[in-house]
Structure formats: structure tokens, C-alpha cells
Amino acid sequence: MAEALTTPRPPAAGAGAIRSDEVLVLDFGGQYSQLIARRVRECGVFSELLPHTIDVEEIKRRSPRGLILSGGPASVYADGAPKLRVELLELGIPVLGICYGMQAMVLELGGRVEGASVGEFGRSQLHVREHGRLLAELPAEQSCWMSHRDTVYEPPPGFTALASSSESPVAALEDVDRALYGIQFHPEVVHTPYGSAVLTRFLEDICGCEMNWTAASVVEEQVARIREQVGDGRVICGLSGGVDSSVAALLVHRAVGDQLTCVFVDHGLMRKNEGEQVVAAFRDHYKVPLVAVDAEQRFLERLAGVTEPEQKRKIIGAEFIRTFEEQAAALGNPKYLVQGTLYSDVIESGGGHGAATIKSHHNVGGLPEDLEFELVEPLRMLFKDEVRQVGIELGLPERLVWRQPFPGPGLAIRIVGGEVTKDRLEILRDADYVLQDEIRSAGMYRELWQSFCVLPGDLRTVGVQGDERTYGYVVVIRAVTSDDAMTADWARLPYDLLERVASRMINEIPAVNRVVLDITSKPPGTIEWE
Ligand code: XMP
């Protein structure tokens with residue numbers, strides 16, 4: 001992504017932190033709505049996605065520089081189609097309607113929108129007749145991405161039609177006096193080469209935004225916010241070694257220094273050397289007060305004899321909380337708890353505003369809601385790639401910034417169909433180490449969403465090594481590409497890489513005598529095996 005990032009907003013009531021300009025995206029249900037907010041941020045302006053039903057007073061209170069109305073799947077004429085309230089067009093700030101957003105605007109203001117017999121889906125050619133303000137300095141002919149059936153045939157009174165395409169007589173329009181703008185195409189997708197240029201015209205020239213939202217400004221703004229929230233209170237943070245908790249912890253440390261104590265619970269289910277790396281980075285390098293708890297034994301005791309996946313997760317989750325609570329108590333129960341909640345979690349949980357969403361879903365680091373902490377969530381407004389940018393800005397090592405996702409219950413959910421034991425964990429850790437080592441050496445680590453090994457716990461197969469018959473473990477290689485873990489494809493790892501991995505695993509790990517590759521995509525499979 002581009003350098004620029006966004007600054008999280010101060011909380012509703014009178015935070016005195018630095019504010020950057022913001023443009024709000026009102027969501028009419030389009031599949032690209034989130035992407036619009038991301039692109040706006042990439043242009044250097046803070047943007048947040050809000051439901052189109054948001055209270056107009058709330059918008060006024062935030063005094064954004066402009067509004068963007070997103071696309072949406074419905075026809076403007078469909079029963080129950082989201083309605084655009086005209087008051088949103090009368091706030092005295094510029095409004096840009098995209099696709100459905102433009103059609104809804106045209107409909108409300110008396111233009112002509114109709115369902116066309118032929119839709120326009122995919123790449124299209126935009127012919128600019130008049131550049132106006134919105135398309136000034138952009139090429140007269142450009143390709144763009146369309147996805148619509150309803151079509152604008154006539155602009156409302158006072159508007160100028162700027163452009164057309166084969167199926168859209170009016171593909172862009174504006175009313176400069178009222179600062180209302182509309183485009184039928186999607187500027188947020190990569191298939192619209194001038195999409196960012198159009199957004200920049202809207203943001204910079206029309207809304208008058210300062211394009212200064214960057215990773216550095218996020219750090220500055222968050223540090224100010226954290227100081228204001230926490231004052232001289234004490235703060236605790238559970239570090240997992242992942243990028244989110246690491247970046248959150250470093251931001252808080254920069255803000256309030258040693259008022260922060262990090263707690264790293266090593267449940268013995270981490271990958272090779274992972275615990276040591278966390279301690280080395282935080283305690284030794286960043287000088288962040290860190291309590292590292294060696295809890296391997298208690299976790300393994302609780303897991304003894306357990307094979308059922310959900311039961312494992314529950315045991316690990318509960319034990320994690322117990323351990324964390326003990327540490328918090330030992331620290332005199334700090335008032336504040338740092339959570340690495342991301343903007344995608346906020347959107348997914350429908351939490352939007354003020355709702356203190358604790359990240360419990362899928363996450364052992366998730367703490368129960370009745371814990372009596374006040375949450376500090378410095379990443380609450382950031383997308384994952386922005387968190388990485390902030391991590392880089394804070395000097396976090398590449399290895400941590402680009403770490404693949406790793407499940408909270410760790411290797412325990414990768415020993416399947418059998419008990420989790422120390423020996424098996426050791427075998428899986430060694431196998432995983434070989435795989436990561438070869439994938440990193442091949443320069444493929446970053447292009448994979450996840451790469452790991454699975455150990456079918458109770459399964460042994462026959463092999464022959466030297467002159468001896470062996471009866472050993474099978475290691476499964478699982479490597480996937482994905483954008484968001486909702487769907488995934490199995491990664492086409494090169495044969496020579498696979499060969500090296502298999503032969504190293506069998507040579508270096510005596511208990512392993514067979515290596516297999518998982519070629520299942522998601523769906524129908526899941527990424528993890530249980
Ligand atoms: P699945 O296996 O459902 O995984 O395709 C999707 C993503 O979620 C991660 N995952 C977990 N993360 N605790 C976590 O913190 C869990 O219990 C858990 N189970 C799956 C998985 O690694 C993948 O990124």
C-alpha cells in the first residue's frame with residue numbers, strides 16, 4: 001500500500017488529541033465499501049466506514065470534510081432498498097456518490113434512473129465529455145470498472161453530466177454549487193487505473209483535505225490519545241508474539257513508558273524459539289517491562305488425554321485467562337488493558353462506536369468480558385496492512401511485522417486425532433522449523449498467508465531407513481494463499497522446495513518417516529485441520 005495512513009479518531013467527548021481531516025464513507029451494502037475507506041486512507045486522509053443509517057447529528061459532531069456514499073447490491077427501486085436521506089446532501093460538505101450512492105442521489109434530487117435491460121459488469125471505457133471539477137486533468141478516455149444494472153439517464157436539475165460509457169449515458173456528474181458529485185464506476189478497485197486520481201481530486205481539491213495521514217501521524221496521534229486516556233494509570237498488555245499485540249504494546253510503551261507491563265504467557269504451544277524471540281525483542285531490545293511466564297507444564301497437564309478439538313481450545317482459553325489474571329493480580333491489578341483489536345474486528349462485530357469489543361472470537365488472547373479493565377485499543381481504527389506500516393514506523397523487526405497469522409491455541413490444534421504431549425510438540429516444532437526455514441530461504445514466506453505442519457497424533461506408518469524398518473510419524477505440510485482466511489487456496493510450492501523439506505524432515509527428525517502435502521482449498525477444507 002501507499003505510505004499514507006489514517007489517524008484514529010479521538011473518542012466522542014472532547015479528546016484534545018491531534019485531529020487529522022476525515023472523510024466518512026456511508027455504507028449502502030456494497031462489497032467494496034471497506035475498500036473505499038482503505039483507498040481514501042492510502043490517499044492520505046483518515047476515513048471510516050459507517051452505516052448509511054447513521055444519525056445526521058453524529059456526522060455533524062464529527063465535522064468530516066466530506067462524505068462518500070458507497071455502492072450497494074440493491075436496485076434503487078427494490079423493496080427495502082436503502083434510502084438516501086436528503087439531509088445528508090444538505091450538510092454543506094462535499095458528497096461523492098459511487099455507483100448505488102450516485103443513483104440514490106440522482107433519484108432523490110429528481111434525475112432519471114432506470115433499470116437497464118443490459119447491465120454493465122467488468123471493465124468499461126469511460127468517455128469524458130466535460131472534465132468539470134471532479135475529472136479535471138484526467139484523460140478524456142480511460143478504462144474503469146463497472147458493476148451495475150440500474151443506470152442514470154438524466155442528471156437532476158443543476159447537475160452537469162461529465163462522462164459516459166457504452167451502457168451508462170451518465171457515468172459521472174457534478175453540481176459544483178451544491179458540492180455534489182457522482183460516479184457510476186468504482187474508483188476503489190485496481191481495475192480503475194485513475195481511481196485514486198479521482199478520489200484525490202475529491203479529497204484534496206473539492207473537500208480541501210490536508211493529505212497528511214501517514215504511519216508517522218498515526219503514531220503521533222495515538223501516543224497523544226493513549227496519554228490522555230491513561231494519565232498516570234498502570235497498564236497491562238498480553239503479548240502473543242503476533243504483529244497486532246506487538247504494535248499495540250510498542251505504541252503504549254512509547255506513550256506511557258514503564259507504566260506499561262507486558263505479560264507473555266508461554267503455554268508451551270509456540271513454535272521453535274518463538275518465546276525467546278519475544279523476550280529478546282521486548283525486554284532486551286525495546287526495554288519494555290515484561291513478565292514472561294513459563295506455563296508449559298500447567299497447560300500440558302490440563303491437556304493430558306484430551307483429543308477433542310473444541311475441548312482443547314476451551315482448556316487452553318481458560319488456562320490462559322487464569323494465568324493472565326494471576327499475573328495481573330501480582331502486578332496489583334492495573335486499571336488498563338491493551339487490546340490489539342483491529343478495524344476489521346470492529347466492523348465485523350458491528351461494534352462501530354464506543355462498543356468495547358473484546359477480541360474473544362478465535363483468539364486465546366481474548367479475555368472474558370467481565371474482567372475489570374478499561375480497554376486501551378490503539379489499533380481499533382487500523383486495517384492490518386496499516387498496523388504493519390505502523391510497526392515498521394516503530395522499528396519493529398521485519399520478522400515480526402510480516403509474521404504469518406498463528407492461532408492462539410498454537411501447535412495444540414495442529415496435533416490432530418490424538419493427545420497433545422511434550423514429545424509430539426517437539427516433533428511438530430522441529431518439522432515446522434524446517435518448513436519455515438526452507439520457505440523463507442526460497443523467499444516465499446510473505447506470499448503465503450500461512451504455512452505450517454500438522455501432526456496426526458496417533459497415526460504411524462511404516463518406512464525403511466538404512467536397513468531398518470521404521471514405524472514413525474507422518475508430517476503434513478499445509479501452505480495456503482488467502483486474502484482474509486475466509487477462503488484460501490493451497491499454495492503451489494515448487495517441487496524442489498517440497499523435496500528439500502521432506503528430506504530434511506526425515507533426516508533431521510528421527511521420529512518422522514513420511515511427509516505428505518495437503519492440497520485442499522477452503523472451502524471445502526479449513527486452513528487448520530481442527
Ligand atoms: P480455519 O481453520 O477456520 O482458520 O480456516 C481461519 C484462520 O483462523 C485461524 N484459527 C485460529 N486462530 N484461535 C485463533 O486464534 C483458534 O482457535 C483458531 N482456529 C483457526 C487459522 O490459523 C486461520 O488463520
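Reader: Across the interface of domain 1 and domain 2, how many salt bridges does the rule find?

Author: A salt bridge here is a side-chain nitrogen of Lys or Arg within 4 Å of a carboxyl oxygen of Asp or Glu. Across the interface of domain 1 and domain 2, that rule finds two. Take Glu386 and Arg41: they form a salt bridge, with their closest N and O atoms 2.5 Å apart. Keep in mind that this is a predicted model, where local features need pLDDT of at least 70, side-chain atom pairs count only at pLDDT 80 or more, and totals for chains, interfaces and linings use all residues. Residues are numbered from 1 along each chain as its sequence is written, and side-chain values use heavy atoms, with hydrogens and water left out.

Reader: Where do the domains run?

Author: Domain bounds come from an automatic or database domain assignment. For this protein chain the division is domain 1 (22-206), domain 2 (215-401) and domain 3 (413-517). Between domain 1 and domain 2, the C-alpha centres are 39 Å apart.

Reader: And how do I read the interface itself? How many residues of domain 1 are in contact with domain 2?

Author: Contact means heavy atoms within 4.5 Å. Eight residues of domain 1 are in contact with eight residues of domain 2. For area, you take the accessible area (1.4 Å probe) that two parts lose on being put together, summed over both. Domain 1 and domain 2 bury about 800 Å² between them, and carbon and sulfur atoms give 52% of that. On the domain 1 side, Gln34, Arg38 and Arg41 lose the most area to domain 2, together 57% of what that side buries.

Reader: What about polar contacts across the interface of domain 1 and domain 2: how many residue pairs?

Author: A polar contact is a pair of N or O atoms within 3.5 Å; within protein, one must be able to donate a hydrogen and the other to accept it, and residues adjacent in sequence count only if both atoms are side-chain atoms. The rule finds four such residue pairs across the interface of domain 1 and domain 2, both residues being at pLDDT 80 or more. As for which elements do the touching, helix H1 (33-42) and strand S2 (46-51) each supply at least two residues of the domain 1 side that touches domain 2. The largest share of that side, four residues, comes from S2. Helices (H or I, at least four residues) and strands (E, at least two) are DSSP runs, numbered from the N terminus.

Reader: Back to salt bridges. How many does the structure hold?

Author: The structure holds 36 salt bridges. One of them joins the side chains of Arg65 and Asp21, at 3.3 Å from N to O. Arg65 sits in the loop between helix H2 (56-62) and strand S3 (66-69), and Asp21 in the segment before strand S1 (22-27), so this pair ties together parts 44 residues apart in sequence.

Reader: Is there a rule for burial, and is Asp21 buried or exposed?

Author: Buried means under 20% relative accessible area, exposed over 50%, and partly exposed in between (1.4 Å probe, protein chains only). Asp21 is buried, at 17% relative accessible area, while Arg65 counts as partly exposed at 37%.

Reader: Which residue forms a salt bridge with Arg201?

Author: That's Asp205, with the closest N and O atoms 3.0 Å apart. Arg201 and Asp205 are four residues apart in helix H4 (residues 195-206), so about one helical turn separates them. Arg201 counts as buried at 13% relative accessibility, and Asp205 as partly exposed at 32%.

Reader: Which residue does Glu319 pair with in a salt bridge?

Author: Arg298, with the closest N and O atoms 2.7 Å apart. This pair links distant parts of the chain, with Glu319 in helix H9 (residues 309-330) and Arg298 in helix H8 (residues 296-303), 21 residues apart. Glu319 counts as buried at 2% relative accessibility, and Arg298 is partly exposed at 25%.

Reader: What about disulfides: how many does the count come to?

Author: A disulfide is a covalent bond between the sulfur atoms of two cysteines. The rule asks for a pair of cysteine sulfur atoms within 2.5 Å, and the count comes to zero. The sulfur of Cys262 is 4.4 Å from the closest cysteine sulfur, in Cys237, too far for a bond. For Cys144, the closest cysteine sulfur is in Cys99, 11 Å away, again too far for a bond.
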